[in-house]
Amino acid sequence: MVLNSLDKMVQLQKNTANIRNICVLAHVDHGKTTLADCLISSNGIISSRLAGKLRYMDSREDEQIRGITMKSSAISLHYAKGSEEYLINLIDSPGHVDFSSEVSTAVRICDGCIIVVDAVEGVCPQTQAVLRQAWLENIRPVLVINKIDRLIVELKFTPQEAYSHLKNILEQINALTGTLFTSKVLEERAERETESQVNPNSEQGEQVYDWSTGLEDTDDSHLYFSPEQGNVVFTSAIDGWGFGIEHFAKIYSKKIGIKKEVLLKTLWGDYYINMKAKKIMKVDQAKGKKPLFVQLILENIWSLYDAVLKKDKEKIDKIVTSLGLKIGAREARHSDPKVQINAICSQWLPISHAVLAMVCQKLPSPLDITAERVEKLMCTGSQTFDSLPPETQALKAAFMKCGSEDTAPVIIFVSKMFAIDAKALPQNKPRPLTQEEITQRRERARQRHAEKLAAAQGQAPLEPTQDGNALETSPQGEEPRGDEQQVESMATNPVSQEGSNQESFIAFARVFSGVARRGEKIFVLGPKYSPIEFLQRVPLGFSAPPDDLPPVPHMACCTLENLYLLMGRELEDLEEVPPGNVLGIGGLQDFVLKSATLCSLPSCPPFIPLNFEATPIVRVAVEPKHPSEMPQLVKGMKLLNQADPCVQILIQETGEHVLVTAGEVHLQRCLDDLKERFAKIHISVSEPIIPFRETITKPPKVDMVNEEIGKQQKVAVIHQTKEDQSKIPEGIQVDSDGLITITTPNKLATLSVRAVPLPEEVTQILEENSDLIRSMEHLTSSLNEGKNTQMIHQKTQEKIWEFKGKLEQHLTGRKWRNTVDQIWSFGPRKCGPNILVNKSENFQNSVWTGPAGRASKEVSRYRDLGNSIVSGFQLATLSGPMCEEPLMGVCFILEKWDVSKLEEQGASDKHNQEQSDLEGQRQEEDKTHPGGEENQEVQGVCLEPFEKRISQKGDCSVPDCYGPFSGQLIATMKEACRYSLQVKPQRLMAAMYTCDIMATSDVLGRVYAVLSKREGRVLQEEMKEGTDMFIIKAVLPVAESFGFADEIRKRTSGLASPQLVFSHWEVIPSDPFWVPTTEEEYLHFGEKADSENQARKYMNAVRKRKGLYVEEKIVEHAEKQRTLSKNK
Ligand SMILES: Nc1nc2c(ncn2[C@@H]2O[C@H](COP(=O)(O)OP(=O)(O)OP(=O)(O)O)[C@@H](O)[C@H]2O)c(=O)[nH]1
Ligand SMILES: [Mg+2]
C-alpha cells in the first residue's frame, strides 16, 4: 500500500461520522466478490481492467479454483463525495450455505449491508437467509440488483420486459422484508401485552386489542427497497456499470426541464412523459405508453449493448460522442465486445460511484447505532437490559456515543479469529529502507570491497571491521554487484526467520467505543462471563492494575500487541484505532478461541453469541497416515478449531478425532486447511459419520404386506422372533404393557420403568427450548449449591411457564394426566428431547419446583438416590440399544421405586451411629458435586469417570460385594430404561436436509431422478415468474446426501445446483429388527428379507463402525460356492 494512502486512511478513521462499516451479502454466485472488485479498483488497489476477473477478496487458492468465497474478509476503501470524504470498511462474505457462519461474523461488526440479487435468478433461499440475518442484527440494508446484462444478452428481454421483471424482483424482496417486519412488530406487541398483564396498572381498562393496530401505527416505509428512495441500484458488475435513478434524474431534469424532485418520484413506477406538454402522467396500458424507466434509461442501455454486440461501429461512435466519453484506442479496436462495453459503460455509469454514493447516503455511520441494537448486543440469554447491574447499564451511553476521548471505555468485539501466514504480517515483511539505512549499508559494502581488495593484495591478517561482521556475506574475490544496493534496500525483520512456516492468528474485530491503542491492557471476556459475578467478588472502588485482580471465571487480561488495518490480502500496521472501525488484532491467540468481547472495564457484559444459521452435521473421523504424527494432528485440529467459526472438534469415546462441519464443501475446506496449513501431515479421513437418533413408536396396525395385524388367523410363524425373548434376561419382570421391573444386584432396591413414545409436537417443543431447559438446569444447580446469586428474572420465569403451558397443551388425555407436573429430568445432557417422569409416591421432585428445601434428612437422602436415578436416565438416553446413538422423543415413566429393604437394612445396622456419620459425610460430598458436573460425567459414554466417582464414595455407601449402592442404582436405572425400550417397537430416526434446487424445465426430469434415487421427497415445485426456472423444495436424508450436489451438477451439466441445510429428524418407518413372520410376508420378501430394510442397513453400518456385534449372514450360499470351486 502506498504510504501516503495509509496516512489518509488513518486520518479518515478519526472521522467517525464518515465511516461506513458494511458487508456484501447474497446468495451464492450472485456477484458479491465481483462487485467488491469493482469497488476496490476505484481505489486503485487493482486495475480496472482486472476488476471482476481477479476476485481480489478471494485470496485463498481454493477460493480461486472453485470460484466461490469461503471466508469473509475486509478491506478499507476511500471514497470522496463532493467535499466529504468517507472511509468504507467493506466486508465480502461467502454465499454458500456451508459458510453461513462467516456471514454471521461479518454482520455483527457492520452497521449496514449491501444485499446483492442476481437479476435473472431473483430472490433465492440464501437471499432470504441473509436478509433475516441482517434483520436479526438490526443492521440497515441497501439493494443491488446485479447482472442486468444477463437480461439483455442471455434472456434477450425487451426493455419493457426487463422492467416488469425487475419490478417483480423488488416486490418479492419487499414481501420478505414485510414478513420480517410484521413478525417483529407482533412480537413486540405480544411482549408489551405480557408486560401490561403483569403490571395491570400501567394500562388501565384497555382490554380489547386490535392486533393490526401495531402494524398501522408503525412507520415502515423506510424499510422497503425502492429506487425512488435511493436504496436500490441496478448494476452489471462484470461490465463495470451501475446506476441509481438519481443519476438519471439529474441528467434529465436539465435535458427535459422537469424538476429533479418530480423525476425522482416518477422515474421508477408506472409513469410516462407527455413530451409535448412536458408533463408526467400515469401510464395507461391501453395506449401503449412506456414507463419513464424504460424510455429514458433501459432503452439507452439496450441500444448500446445492441450496437456493440452487432459491431455497429458508426452507432457506437455516435453514442460515445453523445455521452461525451473518451475511449482508448485499444479498447475501441478490441474484438471482444465485452471489453468495449466495459470501457464505455464504466465511464458512462461507473458502478463504484453508484454503489458507494448509495452506501454513504443511506447506510448509518457508527454514531447512528440504535439504542435497541445496543441493548440487544449487551443482553445474553434470557436477560433483559434492566436486569443488568447499574454499572453495566451505564455502558450503553458509551456505546451510543462511540467517543474517542481518553475517558471513554474501550469496547471491542472479536467476531472471529483467522489464520494468516506469519510471513505476511507487516512486521515480518520486507520494508523499504530509510535513507539513513541505505547510506549505512552502502558504507559497509564499500568497506567490505576495500578489504577484499586488500586481501587480494596479500595484506593478511585481516583486521576486523567496525561492525565485526566482515567477510560474512560475499565469497572471496567477488565484486560487489550492481544490484546489491537494490537487494539490500529491503530489510527484513529478524522475526521472520523464526516465525517462517507458522500460522499467525489475527482477531477480526471492531471497536465500538474508545480508542484501541497498541500496548494497552484490556480484559478479555468470554461468552460465559458475568459482570454481576465480578462486581460481587471485587469490592466497590477496587483499583489495582488489571493483572492483580482476583481471578474471576471467564475473564482474562491481556495486552493489545499489534493492531492492523485489514486490506484484503494485506495487513497494515497501526498504532491506534479510533472507535467505529473494523480492525485486526494480533497476539490474542492464547486468549480468544473463536469470539470474545474486549473491554477496559470489567463491568462490561459479553456480547450476545453470534447467530449461526447452519448446524454442523457432517462428521468425519481423521487420523494421521503415520501414527507417530498424532501430536501434530491434535495441534493442527486445535488451530483449525480456532480458525473456523463453525467447525467442531471432538474426541470420541473410541478415541477417534472427529471433525464436525456444516456440509460437504465446508468439510473439504477444513480438511485442506488441516493438511496444508495447520497440521502439515498426511491424514486419512473416514467415510462421513452419519448421526442417527433412536426412538420408539406405537405398535404398527398393519404388517409389511399391508395386512392388518391381529386379524390374520393363519399366522404361520416361520421365524421364531427369538430376539424378543433373548433381549430380556432372566430376573427381570416384564408385564404385558411393557412395564419393566428390575432389582439392583444387591436386591435392596427395585425400579419399575415404562417407555412411551412422546407425541411429535412435544419432541419438537423440547428441541426448540433446549436453551431454556439448560438455563433451568443451571438455575436449579446453582440453587442446589446454595448460591442464590442468579435471581430468576421475571422474563425467564414467564418463558418457563409458557414452555410448560405448551407441553401441557400437547400432553393431554388420560394417559398423560399430570405428566408435565411430574417431569423430573430431561435427557441426554439434561436438556435433550427425552423426559423422565416420576410417578412414584415416596419422593416428589420435578423440574418446575426445583429441589425441595433441605428440610429433613429423609428428603436429602432420597435426593441422593434420586440423583443416581437421573444419572441412569441420562446414560440411557445418551446411547440407545439399537446402535448406541442418542434417543429422541421417548418418555420414561418411573412408576415405582422401592427402597424399603435398603431402609430396613439401614435401620438394623448395628453400627448405627457410625453409619449416620458416614452418611453425613457422603451428603457433604454430594453437595460439592453440582448437577453440572454430573452432566459432564454423563457426556462421556465411557464409564470411567463414573467409576472414579463411585470409588470416591464407595466406602461410605452401604457396603456390599456389588460395589457402592449409588453405582448399582445408576446401572440398574440405565438397564431398566434400555429394556423398557426394547419391548416397544424401536425405530431409527434419520437427519434430514431441506434441499433447494433451481433448475430449468429441460433438466427437471433428471433432478427428480437423482432425488428419488437418493430417497429424497419433493415438497414443492414452483415456477419462477418470468423465467423458465423451477424452484424445487425437497427433503433428503443426510445419509444419502454425500456426492448429491456433484451428481446433480453432472447430470444437469451444471444447470442446477442444490443448497442443503439441516432441517429436522425424521422417523424411518421400517423396523430394523423386522423379519418375515407370516406366510404372506415370507412369500413377498423371502427368508432373508433385508434388501428392503433401509433402517437395518443404517443400523448395521453404525454398529460396524462402532465395533459392535452385527448379526449378519456373511456366507450366503456356501454349498453353491463350494461346488463352483470344485468344478473349476
Ligand atoms: N453476466 C454477469 N455475470 C456476473 C456479473 N457479476 C458477476 N458475474 C459472474 O458470476 C459469477 C460469480 O461471481 P462472484 O463474484 O464470484 O459471486 P459471489 O457472490 O462472490 O459468489 P460466492 O462468494 O461464492 O457466494 C462469476 O462467474 C462472475 O463472473 C454480472 O454483472 N453479469
Ligand atoms: Mg464471493
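Modeller: I'll start with the ground rules, then go through the ligand site, and finish with the rest of the chain.

This is a predicted model, in which local features need pLDDT of at least 70 and side-chain atom pairs count only at pLDDT 80 or more, while totals for chains, interfaces and linings use all residues. Residues are numbered from 1 along each chain as its sequence is written, chains are lettered from A and ligands numbered from 1 in the order in which they are written, and side-chain values use heavy atoms, with hydrogens and water left out.

Let's go to ligand 1. The shell around ligand 1 holds 19 residues, and the closest are Lys-32, Thr-33, Thr-34, Thr-69 and Asp-149; a residue gets in if one of its heavy atoms lies within 4 Å of the ligand. By type, the shell splits into six charged, nine polar and four nonpolar residues.

Now for the atom pairs. A polar side-chain atom of Lys-32 is 2.7 Å from an oxygen atom of ligand 1. On its own, ligand 1 has 650 Å² of accessible area, and the protein covers 85% of that (Shrake-Rupley method, 1.4 Å probe; for residues, only the protein chains shown count as cover). Two elements give two or more residues to the shell, namely α2 (32–41) and α6 (148–153), and α2 gives the most, with three. Elements are DSSP runs numbered from the N terminus, with helices being H or I of at least four residues and strands E of at least two.

Ligand 2 is a magnesium ion. The protein donors of the magnesium ion are the OG1 atoms of Thr-33 and Thr-69, lying 1.9 Å from it. Thr-33 is in helix α2 and Thr-69 is in the loop between α3 (61–66) and β2 (73–81), so the pair ties together parts 36 residues apart in sequence. A donor is an N, O or S atom within 2.8 Å of the metal (3.2 Å for Na, K and Ca), and with water not among the atoms, sites may look incomplete. Thr-33 counts as buried because its relative accessibility is 6%, and Thr-69 counts as buried at 7%. Buried means under 20% relative accessible area, exposed over 50%, and partly exposed in between (1.4 Å probe, protein chains only).

Helix α2 deserves a word of its own. Ten of the ten residues in α2 are buried, among them Lys-32, Thr-33 and Thr-34. Those buried residues pack against β1 (19–26), β2, β3 (84–92), β4 (112–118), β5 (140–146) and α15 (351–362).

Next comes Asp-239, in the loop between β6 (232–236) and β7 (241–243). Asp-239 is buried because its relative accessibility is 1%. The Asp-239 side chain makes a 2.5 Å polar contact with the side chain of Tyr-305 and another of 3.5 Å with that of Lys-338. Leaving out residues up to four places away in sequence, Asp-239 touches Tyr-305, Lys-338, Ile-341, Asn-342, Cys-345, Ser-346 and Asp-149, where a contact is heavy atoms within 4.5 Å. Asp-149 is also one of the residues closest to ligand 1.

Zooming out, the chain has 39 helices and 36 strands. Of its 1128 residues, 50% are buried. Among contacts between residues at least 6 apart in sequence, 75% join residues at least 24 apart.

The peptide bond from Gly-827 to Pro-828 is cis, with omega near 0°, and Pro-828 lies in the loop between β30 (823–827) and β31 (834–838). Arg-829 is in the loop between β30 and β31 and has a positive phi of about 60° although it is not a glycine.

Technical notes
A polar contact is a pair of N or O atoms within 3.5 Å; within protein, one must be able to donate a hydrogen and the other to accept it, and residues adjacent in sequence count only if both atoms are side-chain atoms. Ala, Val, Leu, Ile, Met, Phe, Trp, Tyr, Cys and Pro count as nonpolar, Asp, Glu, Lys and Arg as charged, and the others, Gly among them, as polar.
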